[in-house]
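Subject: A structure for you to look at

Hi there,

Here is the structure I promised to pass on. Please open it alongside this email, and my notes follow below.

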Amino acid sequence: MSFKDPPTLQQLARRSLLKDEALTISALPNLPVQLFPPLFKDAFTSRQRKILSLMVATWPFPVLPVGALCGIDHLETLKAVLDGLDLLMSQKDRPRWNLQVLDLRDAHQDFWDGWAGLLHEVCSQDVFGKNQPVGNHPIPGGKQTISIKMNLSLKYCRRHSHCENLNYLYYWAKQRKDVIQVIFEKLEFTGKHSSIQELTIKSIHWDIYNLALIASCLGQMKNLQKLILMNIRRPSSLTDLQEARIITEIFSEFSKLHKLQHLYVNDVYFLKERLDLMLRCFERPLETLTITYCKLSESDMRYLSQCPSIHQLKYLDMSYTTFKPSSHRFLGFLGSLLERLTATLQTLKLECFHLTDSRIRDLLPGLSQCSQLTEVDFVENKFSMVSLKTLLQHTANLTQLTLEKYPAPDEVYDDSLCVIPDRFVQLCSELMNTLKGVRQPKQVYFESTIYSPNFEYLVYNLEGMVSSEPLRRRGRGMVIYISG
């Protein structure tokens with residue numbers, strides 16, 4: 001026969017308190033700090049959603065380790081915890097939030113059983129890494145943020161309930177991306193993860209070491225069709241020899257992605273002088289290639305113009321890409337590439353591609369033959385009125401175009417580079433007439449650079465309407481953070 005220890009007076013008091021929801025809620029503002037963890041655990045176990053939400057909003061510690069209590073296994077409980085974060089973030093009268101990290105990672109149940117010492121240890125230790133404090137990573141703009149840390153085991157993603165919970169968390173965080181960062185610290189894979197078809201790696205904190213940590217897992221995604229790499233930095237302590245070794249390891253895993261068709265690379269530092277090494281990894285012809293906010297060399301562009309894996313490209317975006325050293329020859333290589341893609345290319349985006357009057361000529365022969373194009377984007381390049389008219393005239397055969405975006409001509413700006421509205425309307429109207437003279441356009445926009453202190457842009461459309469609303473957002477948002 002076994003005997004359980006009788007409940008302590010504190011346990012009896014907590015049970016009694018939780019039986020009266022209104023009483024519990026009224027007691028929270030004056031609840032002693034040492035009672036928060038045991039009372040939270042009791043409310044979590046009994047799934048008292050309203051009490052849970054309010055306790056999250058008033059949590060007195062920087063870390064809330066819900067993962068030790070099976071954090072996202074029950075959807076309604078997860079919703080209650082996230083509702084608590086919404087309550088916390090809506091409290092305008094509190095200049096700073098105590099809670100900085102909602103930890104959904106797996107942990108032992110005895111964490112909460114012996115919370116008094118353990119909680120102090122976790123809240124004072126480095127929860128972000130050896131050289132970073134407990135505090136959250138600031139998002140540009142100085143806003144306070146809350147980080148949600150979790151591990152992702154793809155062997156559980158086949159369970160409907162687990163996928164449902166992850167989807168809810170994903171969309172919840174996406175709607176609050178300015179103040180919420182979801183950080184996956186550990187990715188666990190099994191033989192079942194081969195069904196993954198799309199992967200996004202995007203972070204404001206990642207460097208090449210972090211990318212190398214998951215490279216072997218990446219190579220196991222045999223059915224991966226779409227890969228998005230964003231914001232990969234170079235650590236200051238990295239030597240050239242270390243960098244070469246790590247990049248070789250990463251690219252060797254890329255070569256295992258035999259079904260990849262869509263590749264997006266944004267603000268990845270190591271691409272310069274290595275574009276050929278990366279593109280040689282892919283056997284299957286790519287349909288999408290996006291290289292934005294990257295630095296490339298002339299040799300990179302030379303290889304790109306000849307690359308066998310992009311001869312069937314449908315989507316090409318090289319916006320905000322720079323070339324060091326600057327050379328006129330890189331546009332000649334791009335022109336050669338366009339001539340190879342005349343039968344397949346449907347979208348061409350060259351925003352802020354440093355195109356000028358003297359450089360655009362190299363693109364026109366190839367561009368004029370891309371008869372399958374449905375969208376082109378040349379905004380934030382510097383063209384005179386004469387060059388823009390020439391560009392428009394070379395689109396006469398591009399009858400499939402449904403969306404076109406062009407920069408306003410240089411002549412619409414005064415000596416201070418400010419837009420002259422009347423001249424903007426006059427010249428854009430003239431350009432629109434030029435376009436209508438060679439074909440029937442469907443959706444066309446001419447856009448100025450910054451027009452006002454509110455960072456608005458003048459936009460002239462096909463109907464002759466002028467708007468001061470930006471045609472599109474310049475920023476790049478974030479959904480899920482992966483950190484190491």
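How many aromatic pairs does the structure hold? There are 14 aromatic pairs, where rings of Phe, Tyr and Trp (its six-membered ring) pair if their centres lie within 6.5 Å, and planes under 30 degrees apart count as stacked, over 60 as edge-to-face and the rest as tilted. I come back to some of them below.

Before the details, some housekeeping. This is a predicted model, in which local features need pLDDT of at least 70 and side-chain atom pairs count only at pLDDT 80 or more, while totals for chains, interfaces and linings use all residues. Residues are numbered from 1 along each chain as its sequence is written, and side-chain values use heavy atoms, with hydrogens and water left out.

**Overall picture**

The protein has 18 helices and 18 strands; these are DSSP runs numbered from the N terminus (helices H or I, at least four residues; strands E, at least two). Of its 484 residues, 49% count as buried (buried is under 20% relative accessible area, exposed over 50%, partly exposed in between, with a 1.4 Å probe and protein chains only). The accessible surface comes to about 23300 Å², and 51% of that belongs to carbon and sulfur atoms (Shrake-Rupley method, 1.4 Å probe; for residues, only the protein chains shown count as cover). Taking contacts (heavy atoms within 4.5 Å) between residues at least 6 apart in sequence, 78% join residues at least 24 apart.

**Aromatic pairs**

Phe254 and Phe282 are stacked, at 6.2 Å centre to centre and 25 degrees between the planes. Phe254 belongs to helix α11 and Phe282 to the loop between α12 (275-279) and β8, so this pair ties together parts that are 28 residues apart in sequence. Phe254 counts as buried because its relative accessibility is 0%, and Phe282 does so at 4%. The pair of Phe323 and Phe353 is edge-to-face, because the planes stand at 90 degrees, with ring centres 5.5 Å apart. Here Phe323 sits in strand β11 (residues 322-323) and Phe353 in the loop between β12 (347-349) and α15 (357-360), 30 residues apart. Both Phe323 and Phe353 are buried. Elsewhere, ring pairs gather Phe36, Phe40, Phe44, Trp59 and Phe61 into a cluster.

**Strand β8**

Strand β8 (residues 288-292) is mostly covered, with 5 of its 5 residues buried. Thr288, Thr290 and Thr292 point one way from the strand, while Leu289 and Ile291 point the other way. On which strands does β8 pair in the parallel sense? One is β7 (residues 262-268), over 5 bridges, and another is β10 (residues 315-317), joined by 3 bridges; two strands pair if DSSP finds at least two bridges between them. Leu289 features in both pairings: Leu289 is the bridge partner of Leu263, and Leu289 also stands opposite Leu316 in β10.

**Salt bridges**

The structure holds 19 salt bridges (a side-chain nitrogen of Lys or Arg within 4 Å of a carboxyl oxygen of Asp or Glu). In one of them, Arg176 meets Asp86 with the closest N and O atoms 2.7 Å apart. Arg176 lies in the loop between α8 (160-174) and β4 (180-188) and Asp86 in helix α5 (residues 75-89), so the pair ties together parts 90 residues apart in sequence. Asp86 is partly exposed, at 25% relative accessibility.

Glu430 and Lys389 form another, with the closest N and O atoms 2.6 Å apart. Glu430 is in helix α18 (residues 421-438) and Lys389 in helix α17 (residues 385-393), so this bridge ties together parts 41 residues apart in sequence. Glu430 is partly exposed at 31%, and Lys389 is partly exposed at 23%. Salt bridges that share partners also join Arg49, Glu76, Lys79 and Asp83 into one network.

**Glu243**

Is Glu243 buried or exposed? Glu243 counts as buried, because its relative accessibility is 7%. This residue lies in helix α11 (residues 240-254), and a polar contact of 2.7 Å joins its side chain to that of Tyr269 (a pair of N or O atoms within 3.5 Å; within protein, one must be able to donate a hydrogen and the other to accept it, and residues adjacent in sequence count only if both atoms are side-chain atoms). Leaving aside neighbours within four places in sequence, Glu243 is in contact with Arg234, Leu238, Tyr269 and Arg274.

Enjoy looking around!

Best wishes
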